[in-house]
Amino acid sequence: MKANFNSYELQFKRPAGTSRGILNTKLTYFITVQHSSGEYVGECSFFKGLSADAEVNYECKLQWVCDHINEGKEFLLNDCQEFPSIQFGIEQVFSQLESKKNGLFFPSEFTEGKKGIKINGLIWMGSLDFMREQIRQKLEQNYSCIKLKIGVNWKEEHKILQNLRAEFSADQLELRVDANGGFSYKEAKKVLEQLAKLNIHSIEQPIKAGHEDQMADLCSNTPTPIALDEELIGKFYKDQKEKTLEHISPQYIILKPSLIGGWNGSQEWIDIAKAKNIDWWITSALESNVGLNAIAQWTALFNKDMPQGLGTGSLFTNNFPTNLSVIGEYLFYNP
């Protein structure tokens, strides 16, 4: 068995706005393994400025994985504990080796094309007209759950949410918001109150990660459910994860396999959260269709009715061919 890696720059169709800035491109990496049964590819979706992987040693670590590919999955995963996106790429390669089919990670009703995954519609930041146009498109596509990026111009973002709620009740349209740490602790307290009046489902990461005492205080008194997102990144070991959820006690956690150690790392978070009665959902993190396919097949195994965040496959001009397609508010796999 031989392996190599290469980098690839994904190009956004339109600049993607978040409270961390505007994204025009997204760098990602692929591990390719040649085996007697075929060629298999795993995506290591390094996210500059967000991933916990050490950027300066990243390509060296990928080369090390390729050099030691015959040592097996567990050996590689253990040595890449602090390179979560590389762990995920390793998992993808070995899962395909087991199925002996390129692009097949977990056979299920989903990969047989019999069942779809309910997803939310994602609204990117931008001008008011741009955000309204995205919302109009998602509503026309019959999404029952929309997630809006907020935290840049809250006054205007608040107006959009007010207008949406005036037109659609919480029973008709579930609204989620993602601040990406865009508010200060003081601002977040006020925003949480305003969101509660609009029956917002949840807010992701209202303040920046790393302020666990402040986040714990917000979660203990919030009128709007809080979901931890970036707060999970960089917690490589089980005791770190347990300590974080014990201290902050959020209402939800959001699992992005590329950022938290792949399927195994995500499952560890799920097991800890379940023990503490914390709910969760799964989202992509701007992977190409290769990584998105891997996340979707794993997500399908849970059969959760809650909308998942997997609607990112159409963001790039130079994405790869895929078996995935979005029909209405469901993600399907076409065998």
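Reader: Leaving aside its neighbours within four places in sequence, what is A52 in contact with?

Author: A52 is in contact with E82, I233, G234 and F236, where contact means heavy atoms within 4.5 Å. Residues are numbered from 1 along each chain as its sequence is written, and side-chain values use heavy atoms, with hydrogens and water left out. This is a predicted model, in which local features need pLDDT of at least 70 and side-chain atom pairs count only at pLDDT 80 or more, whereas totals for chains, interfaces and linings use all residues.

Reader: And where does A52 lie?

Author: A52 lies in the loop between β3 and α1 (58-67). Helices (H or I, at least four residues) and strands (E, at least two) are DSSP runs, numbered from the N terminus. With a relative accessible area of 27%, A52 is partly exposed; buried means under 20% relative accessible area, exposed over 50%, and partly exposed in between (1.4 Å probe, protein chains only). A52 and L301 are 249 residues apart in sequence, and their C-alpha atoms are 27 Å apart in space.

Reader: Turning to Y40, is that residue buried or exposed?

Author: Y40 is buried, because its relative accessible area is 1%. Y40 belongs to strand β3, residues 38-44.

Reader: Which residues does Y40 touch, not counting those up to four places away in sequence?

Author: Y40 touches I31, T32, V33, H35, V93, Q96, L97, K100, K101 and N102.

Reader: Now helix α6. What should its 13 residues span?

Author: At 1.5 Å a residue, helix α6 (residues 185-197) should span 18 Å, and its end C-alpha atoms are 19 Å apart, which agrees. The expected span is 1.5 Å times one less than the number of residues in the helix.

Reader: Which residues of α6 are buried?

Author: The buried residues in α6 are A188, V191, L192, Q194 and L195. Seen down the axis of α6, they fall within an arc of 170°, so they line one face of the helix. The arc is that of the directions from the helix axis to the C-beta atoms. An α-helix has 3.6 residues a turn, so residues three or four places apart point the same way.

Reader: What do the buried residues of α6 pack against, and which exposed residues are on the face turned away?

Author: The buried residues pack against α5 (154-167), β7 (174-178), β8 (202-204), α7 (212-221) and β9 (226-228). The face turned away from the buried side of α6 carries the exposed residues K186, K190 and K197. Just after α6, N199 takes a positive phi of about 55°.

Reader: Which residues of α10 are buried?

Author: In α10, the buried residues are G262, W263, G265, S266, W269, I270, I272 and A273. Their packing partners are α3 (84-99), α8 (238-248), β10 (252-255), α9 (257-260), β11 (279-282) and α11. The 14 residues of α10 (residues 262-275) should span 20 Å at 1.5 Å a residue, and the end C-alpha atoms are 20 Å apart, which agrees. N277 follows α10 and has a positive phi, near 55°.

Reader: What phi do N142 and Q205 have?

Author: N142 has a positive phi of about 70° although it is not a glycine, and phi of Q205, also a residue other than glycine, is positive and near 40°. N142 is in the loop between α4 and β6 (145-149) and counts as exposed, at 59% relative accessibility. Q205 is in the loop between β8 and α7 and is buried, with a relative accessible area of 0%.

Reader: A change of topic: what volume does the largest pocket have?

Author: The largest pocket has a volume of about 630 Å³. Of the 29 residues that line the largest pocket, the closest to its centre are W124, K138, G311, S314 and L315. On a 1 Å grid over the protein atoms alone, a pocket is an open set of points with protein on both sides within 12 Å along at least five of seven lines, a cavity is a set of points where a 1.4 Å probe fits but cannot get out, and lining residues have an atom within 4 Å of a point. Grid points are joined across faces, edges and corners, and a volume is the space filled by probe spheres set on the points.

Reader: How many cavities of 30 Å³ or more does a search of the whole structure find?

Author: The search finds 1 cavity of 30 Å³ or more. Of the 21 residues that line the largest cavity, the closest to its centre are W124, K149, K256, S284 and L286. About 240 Å³ of space lies in the largest cavity.
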